[in-house]
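Hi everyone, thanks for making the time.

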Amino acid sequence: MILDADSFLEKCIYSPEGLRADGRRWNELRQFKCQINTHANSSDGSSYVEQGYSKVVCIVNGPKEPDGRSHTFLDKACISVEVNIASFSTVDRKKVVRNNKRVQELNTTIQRTLEEAVLSHLYPRTQIDISIQVLQQDGGLLPTCVNAATLALIDAGIPMVDYVSACSAGIYDTTPLLDLNTMEENDLAFLTVGVIGKSDSLALLMMETRMSMDNLEPVMAIAIAGSHSIRDIMDREVRRHGKQRLAKKGNM
Amino acid sequence: MKFSPAEISYLRNSLELPSPIRPDGRSSQQYRPLEATTDFLPTANGSARVRTSDGGECIVGVKARVVKAASESSLINIDVDIAGVRDDSSAVVLLSSTLQTAIQASLPENALKLTDVYSFKLFIDALVISQPSNPFNITSLATYLALKSTRLPKLVSATDDAEAAEIPVFDDDWDQSTFLGQDETRQKWSPPIFTVMAVVGNNLFVDPSVEEEFVSDAGILAGWSADGKVIAPIRIIDLGGKRNGGLKSTLIYKAYSLLQSTAPDVIEALNAIGDQDSLSIF
Amino acid sequence: MGVISITVPQGARAEVANEEDLIYEDADSDSDVEMREFNDNEEENIGGSLYVANDLVTPGELVTEETVWMRGHGTYTTVNDKTYSSVAGTITKVNKLLSVTPIRGRYSPEIGDHIVGRITEVGQKRWKVDIGAKQDAVLMLGSINLPGGILRRKSESDELQMRQFLKEGDLLNAEVQALFSDGAASLHTRSLRYGKLRNGYFLSIPASLVIRQKNHVYRLPGNVDLILGVNGYVWLSKRTSTGPSGADNVTITRLEEEAGLEIYSDKNEEIPGSIREAIARYSNCIRALVYKEVGINESRLITAYEASLVYENAGELVDNEVKDAIAAEVIAES
Amino acid sequence: MSLNTETSLLSQVDGSASWKCGHTSIICSVSGPMESKRRNELPTLATLELVVRPAISLSSTREALIKDRLYSVLSAVILRQLHPRSLIQIVLQILEPGEDLQFNILELATCINAATLALIDAGIPLRATVAATAVAITQSGEYIVDPTREQLNEPETESTHVFAYMIRSDNKATDLILVESLGSFTQEQLLSGIQMAAEHCEKVSLDIRATVSNKVKRDFIWTE
Amino acid sequence: MAVGKSISLNESQFILRALRESKRLDGRSFSEPREVDLSFGDEFGHAQVKLGQTWVVAKISAEVVKPREDRPFEGGFTINTDISSMASPLFENNRQSDDEVIMSRMIEKAIRRSNSLDLESLCIVAGKKVWNIRADVHVLNYDGGLVDAICIAVIAGLLHFRKPDVSVDGEEVSFHSFEDRNPVPLSILHMPICSTFSFFQVDQSEDANDSNNLPERLDPQVVLVDANAQELILSGGDMTITVNKNRDVCQMLKSGGLRVEAYTILNCVNIAYEFAVKTTKLINDKLKEDHAKRNVGNIDQLLSAENDR
């Protein structure tokens, strides 16, 4: 339980010494922890991602027989995303209605971002359900969800062009800051990118706050670099888990 | 979930035997192994996660907010969210109302009271991520663990504010916090636990699996308090079984004794979890 | 025997051991604001060479630059003709075919697979069957044995009474006869070893743990028959003289005699308690092997069963420690 | 009173018309007959989907009332049996109401006229042309056809009426299809109002005819 | 936003082939938006925008409400963008599709969240009475570029709108009719202008149907500014950038779809900026024109924009 939320706010966002309120430097990610195959018994693919204090669980079911005509496409799989934000995920408890517009936008955005990476044309007439549970929020909701969904899809063995990794970055005065927490998101202009693989290609770009055009390039650059680092960490986890499973394959 | 007539009759016949054979060989009062973690959400006052071996999973977060006691109808609010189930469905309503009533009744009177005017209000939010069988068992167990791990910050301002209302101030040191319902003797409060038993013929089974629920005549929902006493409500519920005849009255008696014999073991196992530390929640 | 066992998550323990693997901070990489170079991961071994089989590749990883390979499942190529992996898995090469087998994934049917399935839908002249794959399989009315023998012609009345043969929820075992272009399977049960299932208990396990064999029907000690579907659907039943397993070499004449309407009966035979107990024990042995991700075949299952007899009550086998012990014994044996 | 009509001004729908009379301006679109949703399908008739959208704020009971009146007129005049199992979608967007919220006569009359014109533009078979007119009657017994906002707000104004006629051959307003009278009025007042409206509706019908023949001339310019 | 279920193979191949040859069917260049046709109605706050065949009307209205408890000094501002099947039968009445939700969120962010309307200037009596400004957007015809057109219409409508003058005497608030005192304009802090870019994968090879043959990662892509409805059906994804003439990017959204290089996006921002500068000037010119017209005829004395709903 964090009690000193107020004393937190008194600190400045970026000190003259180049440190942020939580002690990070401008280009430093928060602790990124991830695990795949966390829900082996109840899903085809699953993951758990922590980005700082943001924590989400993702469960993938499918490809499977579609639920009905409206979920059947003749040329590709039907991917649906449902984000559920737990009422206890924020510092002040807040019940989020499922059909709220912001959640709908989040669902659609994640779905379309993943569609760009998933080779869904390989699975026509099937359905892939992605369900994301947000347990705790501290900034970077969208990127954390995208990263968790990528891992869960890989865990489910669903073919993808490459990882989709997402990260946010903001601007403080003229200094770009990587991977913002809630406090920084409230005070700074920031954007979120979703990168395919180790390229500079963006499937996702979202900016909801006002930022000068001239700051865009450095902020986007650091966000892309951050996404690449996240891809590496995720790849490491996929390999760790893969090796562990291959070791067990010895039992076959 | 659909089953074939041959499967149903095999399962029913096995479960109806005088000494029943459950599909996984468990005894009537045996639970499936569970996995649990507590206190893993730093932004909540208390939290717990319970997972069953068939993939059922429930996460509960408890948050406290300072309110003016007079303006609240209840100081406890329980909200259950089952993935894929509508918020107003009967399963959700039954679950949250049962837990709400029982927890409210069992919580020591002044556990949430801060001052004459202010009080804590507890928000207990249960999130059932996946649940092949009836969600009652794991939701109740997870709620129990979450409440057991719930801590409230220590009040440092005056408790007497009847004359001059003053917003309460708390100690920033989390180590000074107290567990919910903890009294002067540092005795911890234990919330009630509910369980669902499946009825097949003359037999009762705790922690029924999906297939056992499907062939059951009905379910009996009952709870017990911390001291192992069976408590209200005791209710016959539908578990999705097709056979809906009446139940023999002796079954309720059986349910009582079954509960009484299992309750101490379950409480002991649950309390042992709180003492184990874990780094990750999965 | 305890009433309940509650443990902290396995993952938590594993993590303590490999904390290094899981926790990573980007503190040291002083990445410039310049956009990074494509592929700066030193772990990756890109070049003309091909990974050795069983090496792990992850999505987006270059598998080979050589253009001689035919690209199979789990790979893709761009116009530059390089081959990339699209899943996390291992590289397999069969002649000139290069594919990546995902570590995890749903069962993907192959022609000849012996599978167990459950009817989900009765349609026009066909059933839809859940076989745990990406799509439901199809069983055509013409691909089953009709009562009255193999030589009987399919008639319109058969079309109208399809539910009398197989209805929603019914279990059957069948062979994958053909695959559609989208990967869906077409089944048939035109042999007495296949058909509707009764007298037993169903459970589902990951298809990846089923070791493919010539025969997937096992006669197990304790008068129990097992159909270990390649798709991970398992059927444990009482051994019967005419059961699916007893009919390996059936002549057409016998088929005709036996293919009465009773092959679609929903009625179980009398099953003694001892067999029910044995079935429960076997199902727990299978779950124990699954728990430890040990591949399953006949001999391993028998080993597990024999090892389990130490525990007098089959219910003890649900405990994770007991599962560990049983699986360890099986691994030691093989 | 200035009248301004236009047809075929929207590209994505089958028929459209705008009707601007005084300060009331309404635009109407018609799509269909087209594929209907299974659950809305009628076995013997075309389904009529009608939407009336206010200029400001969301649709309220006021628009629901206009919609209800309009539906009774349109369902009677459209030959729905010619297109069973199909859907005809009619959307009316009020751009400028031209009257205050407590009134809806100008909007209702204009909606009917705009819808008729749009239906003709879409080529939907109709039993007859429908024309509507709004009338206000004052304390002194004065009849005001198509009153202005100010006239309606006068305390003098005692009752408001909308009359719609089906107009068949010879441009004669024969069948009264809608009467919507509010306020206090006498029997004579109503009857003479109806009489007066008939005359006016015939004029409106001429306007519709003029607009349509203009459109036809424009559309078939190449045939000459 | 792409609305439209299908387009014939013939048509789609024709359009894509033309794009490959750097041609658009309406003769525009790739980075050329359609001409903005802006006009104002008789009433204050009624703005009409035509962008090609796309036709939207924004109506601004004001009413007096009690402010939110947590924001006693701020007025309210709501934007309603409900699209009916008038725009195209592909829009369902009374139901918002995913695209419509994203679009309305985008307009919300572009105009409301970017603080283009000064909410504090809407305060009449703190904690008691504030103006609530409402923008109702009616989409009459759909031919792509919806967000762009709606945004211009709403901003122009806000600038055109006049609310009655108010005088406060202690707790007493009196509203002056337009005849009494000249009505007052809203305080608009900046003018966000949206530009939508659509991305196309124009394969060099004709046989793009080989499922195993994915396009090269760094394939040249076609980026169209302000695509029309037909082009949108074929687009692989789009991105909307909102900029004002002060070089502030107010909102950017590319929610999935074809991946695009970062430098392409930066180019798009520059194009969006040019469009914003041009459009801002256009809006100001049109407003001046309208103002001049009104002062000659003095129509505004007859009309009231106040709405007591």
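Which residue in strand 5 of chain A does Lys64(A) stand opposite? Lys64(A) stands opposite Gln127(A). Before I build on that, a word on what you see. This is a predicted model, where local features need pLDDT of at least 70 and side-chain atom pairs count only at pLDDT 80 or more, while totals for chains, interfaces and linings use all residues. Residues are numbered from 1 along each chain as its sequence is written, and chains are lettered from A and ligands numbered from 1 in the order in which they are written.

When I say helix or strand, I mean a DSSP run, numbered from the N terminus: H or I of at least four residues for helices, E of at least two for strands. Two strands pair if DSSP finds at least two bridges between them.

Let's stay with chain A. Strand 3 (residues 54-64) and strand 5 (residues 127-136) of chain A run antiparallel and are joined by eight bridges. They belong to an open sheet of five strands in chain A, ordered 1-2-3-5-4, with mixed pairing. At its edges, pairing on one side only, are strand 1 (32-36) and strand 4 (78-85) of chain A. From one strand to the next, the twist averages 15 degrees. Strand 3 of chain A also holds Pro63(A), and the peptide bond joining Gly62(A) to Pro63(A) is cis, with omega of about 0 degrees.

Now the helices of chain A. Helix 2 (residues 101-117) and helix 3 (residues 141-155) of chain A pack at about 45 degrees, and their axes are 10 Å apart. Because of that angle, helix 2 of chain A counts as oblique to helix 3 of chain A. For reference, axes are lines fitted to C-alpha atoms, for helices over the stretch in contact, with angles from 0 to 180 degrees between N-to-C directions. Angles under 35 degrees count as roughly parallel, over 145 as roughly antiparallel, 65 to 115 as roughly perpendicular, and the rest as oblique.

Who meets whom there? Among the residues of helix 2 of chain A in this contact are Leu106(A) and Ile110(A), and helix 3 of chain A brings residues including Val146(A) and Leu153(A). Contact here means that the C-beta atoms, placed from the backbone, lie within 7 Å. By class, this contact of helix 2 with helix 3 of chain A has eight nonpolar, two polar and no charged residues. The classes work like this: Ala, Val, Leu, Ile, Met, Phe, Trp, Tyr, Cys and Pro are nonpolar, Asp, Glu, Lys and Arg are charged, and the others, Gly among them, are polar.

On to chain C, which has a helix pair too. The axes of helix 6 (residues 273-291) and helix 8 (residues 320-333) of chain C come within 8 Å and cross at roughly 80 degrees, which means that helix 6 of chain C is roughly perpendicular to helix 8 of chain C. Cys285(C) and Leu289(C) are among the residues on the helix 6 side, with Lys323(C) and Ile326(C) among those from helix 8 of chain C. The residues of that contact in chain C divide into seven nonpolar, no polar and one charged.

Also in chain C, please look at strand 12 (residues 171-179), which runs antiparallel to strand 9 (residues 114-122) of chain C, with five bridges joining them. In this pairing, Val116(C) has Asn173(C) as its bridge partner. Asn173(C) also stands opposite Gly195(C) in strand 14 of chain C. Strand 12 of chain C pairs with strand 13 (residues 185-188) of chain C as well, antiparallel and over four bridges. These two strands of chain C form a hairpin with five residues between them, and Gly183(C) in the turn has a positive phi of about 100 degrees.

Finally, chains D and E. Here 21 residues of chain D are in contact with 24 residues of chain E. Strand 5 of chain D gives the most to the side of chain D that touches chain E, with five residues. That side of chain D has eleven nonpolar, seven polar and three charged residues. Chain D has a cis peptide bond as well, from Gly32(D) to Pro33(D), with omega near 0 degrees, and Pro33(D) lies in strand 3 of chain D.

Key: Two residues are in contact if their C-beta atoms, placed from the backbone, lie within 7 Å.
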